[in-house]
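Trainee: I would like to learn how to read a multi-chain model feature by feature, with each criterion spelled out as we go. Could we begin once the model is on the screen?

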Amino acid sequence: MGRIMLENVTKRFGDVEVIPPLDLDINDGEFVVFVGPSGCGKSTLLRLIAGLEDTSGGRILIDGKDATDLAPAKRGLAMVFQSYALYPHMSVRKNIAFPMRMAGIPQDEQNRRIEAAAKALNLTAYLDRRPGQLSGGQRQRVAIGRAIVREPSAFLFDEPLSNLDAALRVGMRLEISELHNRLKTTMVYVTHDQVEAMTMADKIVVLQAGRIEQVGSPMELYKAPKNLFVAGFIGSPKMNLLTGAVAAQHGAATIGVRPEHIHVSPTGGAWKGRVGVSEHLGSDTFFYVEDTGLAETITVRAGGDLELYHGDTVWLTPDPARIHRFDDQGLRIA
Amino acid sequence: MARAASTRRKAATTLIAWTVGLLIFFPIFWTVLTSFKPEAQAIAMPPRLWNFDWTLENYTAVQERSNYFRHFWNSVIISVGSTLIGLIIAIPAAWSMAFVPGRGTRNILMWMLSTKMLPAVGVLVPIYLLARDTGLLDSRILLVGVLTMINLPIIVWMLYTYFREIPGEILEAARMDGATLRSEILYVLTPMAVPGIASTLLLNVILAWNEAFWTLNLTAARSAPLTAFIASYSSPEGLFYAKLSAASTMAIAPILILGWFSQKQLVRGLTFGAVK
Amino acid sequence: MSTKASRTAARLMISPAVLLLLGWMIVPLAMTLYFSFLRYNLLMPGMESWAGFENYRYFFTDPAFWPAMRNTLVLVGGVLMITTIGGILVALLLDQPFWGQNIVRLLVLAPFFVMPTVSALVWKNMFMNPVNGIFAYLARVLGLQPYDFLTQAPLASIIGIVSWQWLPFASLILLTALQSLNSEQMEAAEMDGAGPLSRFWFITLPHLARAITVVILIQTIFLLSIFAEILVTTNGGPGTASTNLTFLVYMQSLLQFDVGLGSAGGVVAIILANIVAIFLMRMIGKNLDA
């Protein structure tokens, strides 16, 4: 079981309110991702749930019980840290055993769980090594192993992939997702990378300045961002946000069109412009189109085989059904 | 290194550097050498660099004449004892300041340092009188206590600078893993900080071993460590160069070797982390 | 970055150290201050009476006071000058590539680990003794009259001995600082056409500035309370020629048993040391934030 509820939770450091009153409901078995730019309070929120920080107000309920003033160890949660936080003086086996040793679990039970975790995480061959002798990905798996053996009611991940190189990150992302599918345990995952959020989450919580901007499934956020912040944050490349006359035509202060929702043609369309930079990835091509008569440079995503280069004239046509409209407060107009 | 220096230049530097090094080291070398000479040859003019009769008689003579090992043992107990007690008091304090820093932490650290700057002579009279009135004068307990207080600020500071390099996340991980504060310090922090704790220990044993104000003023025959024992050779009751050298060699040899091992940490410890 | 529980624990765990040091500082300090206003001699027990500022007047008018002040300053200043300049030279030398670097570093460092009483006695007897010392021998070889260092130039001799003890400290710290100098910075200066001298003056020396300050301030703390070296070699003499403030207070309180006068001297020493300390604390305090 791992249902976590935050009721009116606030956090102040001195006079600075980093998290204004906040409510959130994390259901049992859900994979929830906190995403936002650095300094948005997502890590603080995770540490509040973990019990590594005190709340300044409000209540934290875990499985219906008030855990607000409970010591971290008593909350039944396991955490994977950004730096992995492995104990460098202990072997992998001892690292994984440590929480069980602290809980006083019998030795043979400890061994059974260690073997099982090592097998699941491909660590069996490394059990007697020290963390210093492992690669980044292996250390990450040890940290996860240490979390699994406690059989926690929920896992907390604090930007666990940010110290890995790009290739390894994709691999670990898949492993964590598979782990979640297998264990079906609640996972709360903090990242600043919206790709991680989109690919892994059942539910994304977008945070800015300690406030929740929007909560929803990845596709909800993608299809119907509640405000300009979410619109700009979710999706890569970023949504084009246009103001002025074009927006007014649609009865909005700002309109947003995703790069993949603009049709590119070398022969004709709504907006005529010139290709500035073109990035050919093979599968896709990104064009940064200038001189369209709009104030903003327009980013467009097109098929990989469209051969247009710097200086070429293009015509752009936004998909009218997928234009997002925002009012002068930045809120979505339904 | 971007460039290899020319061999000739390196040879010249080698010559100069070794000359400087040997000159600085010469008094120690000469003391050790003299300790192996018969007393008559120790004061012989011209000084004898090699043409003397090697002997160990000075070492046995020093022990017989003055019960040398009692004083050696006093030095060991006083320096190691004060350092160990200092560590036991300082480890929790350094943990607090390194991992739960608050608004007062900085001030406490600075204040601790300032006690170190209290000139010993400023509190000599009251300490002496208190020791006399409690009957602790000339006891090893008194010196262990005094040197613990003298070196406590340095121990706290050194441990603090070492602890600060240990990521707090690891201790938080231990907390999440269910470790109590005691297990956190005992099983996670202390083993990780072993190199730092060891060099703190070494440096403070060295400082306490060589401390020569309190040891000279608060001890007499019974509990005198080597600093005070050697000072007794200053009375001009005849020249015993060879015996003085033997006693000196035994007094400095252990600490010199310890010092050589801890030279890297020395800078950091003695400058309170200001120079690394 | 913490919870209430851990802050409470932190306060609990820091308190033994704080309370002990507080006691160590306040109790004797208060006693020294109190005694300094008393007429109090150990030879006349039970005769203590209030003296006002009399002890201070006696202390400042003691014929040994001004020589002791002067000697303290000369001793500190002389040793600082020799060890700092010598330390820079030694550090520059040891920073060059040569064979046996590690061994030479150990040789240079060694005197720091020699206890003060040993080094004072070794220098006094085996080097500076006008009859049997090595210096006397060298003088005779050169056809000169042997010089009685500790009688004819007691303070300078003590400065020499103490400098020998502290040169390793200065050298090691400055060498450590030198080694942290970014070699790319040196190469950039070389590309910019700076010769060895201007490189030393414009890059090396400013880089060393902080380490030099640390060396000076930390040594000052220790040098202000030089004691064993004087006790063993000259006993403060001849006359007051090598008496420093620490030694003067020692003589008054433990040799003449005048607790009141000694305490007044102690208070003066504390005030002097505090002036130095304030500078040092600022320095290190700044470093805490970095």
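Trainee: Which residues of chain B does the UniProt annotation "transmembrane region" cover?

Mentor: Before the answer, a word on conventions: residues are numbered from 1 along each chain as its sequence is written, while chains are lettered from A and ligands numbered from 1 in the order in which they are written. This is a predicted model, in which local features need pLDDT of at least 70 and side-chain atom pairs count only at pLDDT 80 or more, whereas totals for chains, interfaces and linings use all residues. UniProt positions are given in the numbering used here, feature names are shortened, and annotations may be inferred rather than shown by experiment. According to the record, an unreviewed entry, the annotation covers residues 12-33, 72-96, 108-129, 141-163, 184-209 and 240-261 of chain B.

Trainee: How many helices and strands are there in chain B?

Mentor: Helices (H or I, at least four residues) and strands (E, at least two) are DSSP runs, numbered from the N terminus. Chain B has 14 helices and 0 strands. Within the annotated stretches, residues 141-163 of chain B are 100% helix and 0% strand, with the end C-alpha atoms 30 Å apart, and residues 240-261 of chain B are 95% helix and 0% strand, with the end C-alpha atoms 32 Å apart. Taken along the principal axes, the C-alpha atoms of chain B fill a box of roughly 70 × 70 × 35 Å.

Trainee: Where in helix H7 of chain B does a kink lie?

Mentor: The bend at a residue is the angle between axes fitted to the seven residues ending there and the seven starting there. In H7(B), residues 140-163, a kink of about 45° lies at B:Asn151, shortly before the proline B:Pro153.

Trainee: Why is H7(B) described as largely enclosed by the rest of the structure?

Mentor: The idea rests on counting neighbours: a residue is buried if 20 or more other C-beta atoms lie within 10 Å of its own, exposed if 12 or fewer, and partly exposed in between, with C-beta atoms placed from the backbone. Since 23 of the 24 residues of H7(B) are buried, this helix is largely enclosed by the rest of the structure. For chain B as a whole, buried residues make up 54% of the 276 residues.

Trainee: With which residues is B:Tyr241 in contact, leaving aside its neighbours within four places in sequence?

Mentor: Two residues are in contact if their C-beta atoms, placed from the backbone, lie within 7 Å. B:Tyr241, which is found in helix H13 (residues 241-261) of chain B, is in contact with B:Thr34, B:Ala42, B:Ile43, C:Asn125 and C:Met126 once those sequence neighbours are left aside. B:Tyr241 is buried, with 26 other C-beta atoms within 10 Å. B:Tyr241 and B:Phe36 are 205 residues apart in sequence but 10 Å apart in space, C-alpha to C-alpha. Across chain B, residues 24 or more positions apart account for 79% of the contacts with a separation of 6 or more.

Trainee: How many residues of chain C are in contact with chain B?

Mentor: The size of an interface is often given as the accessible area lost when the parts come together, but here let us count residues. In this model, 87 residues of chain C are in contact with 86 residues of chain B. Helix H1 (residues 4-35) of chain C gives the most to the side of chain C that touches chain B, with 18 residues. For the composition, Ala, Val, Leu, Ile, Met, Phe, Trp, Tyr, Cys and Pro count as nonpolar, Asp, Glu, Lys and Arg as charged, and the others, Gly among them, as polar. That side of chain C divides into 67 nonpolar, 18 polar and 2 charged residues.

Trainee: Which residues lie on each face of strand E7 of chain A?

Mentor: In a regular strand the side chains alternate between the two faces of the sheet. In E7(A), A:Ala154, A:Leu156 and A:Asp158 on one side and A:Phe155 and A:Phe157 on the other are all buried. Two strands pair if DSSP finds at least two bridges between them. Strand E6 (residues 77-80) of chain A and E7(A) pair in the parallel sense over 4 bridges, and E7(A) pairs with strand E8 (residues 186-191) of chain A, also in the parallel sense, over 5 bridges.
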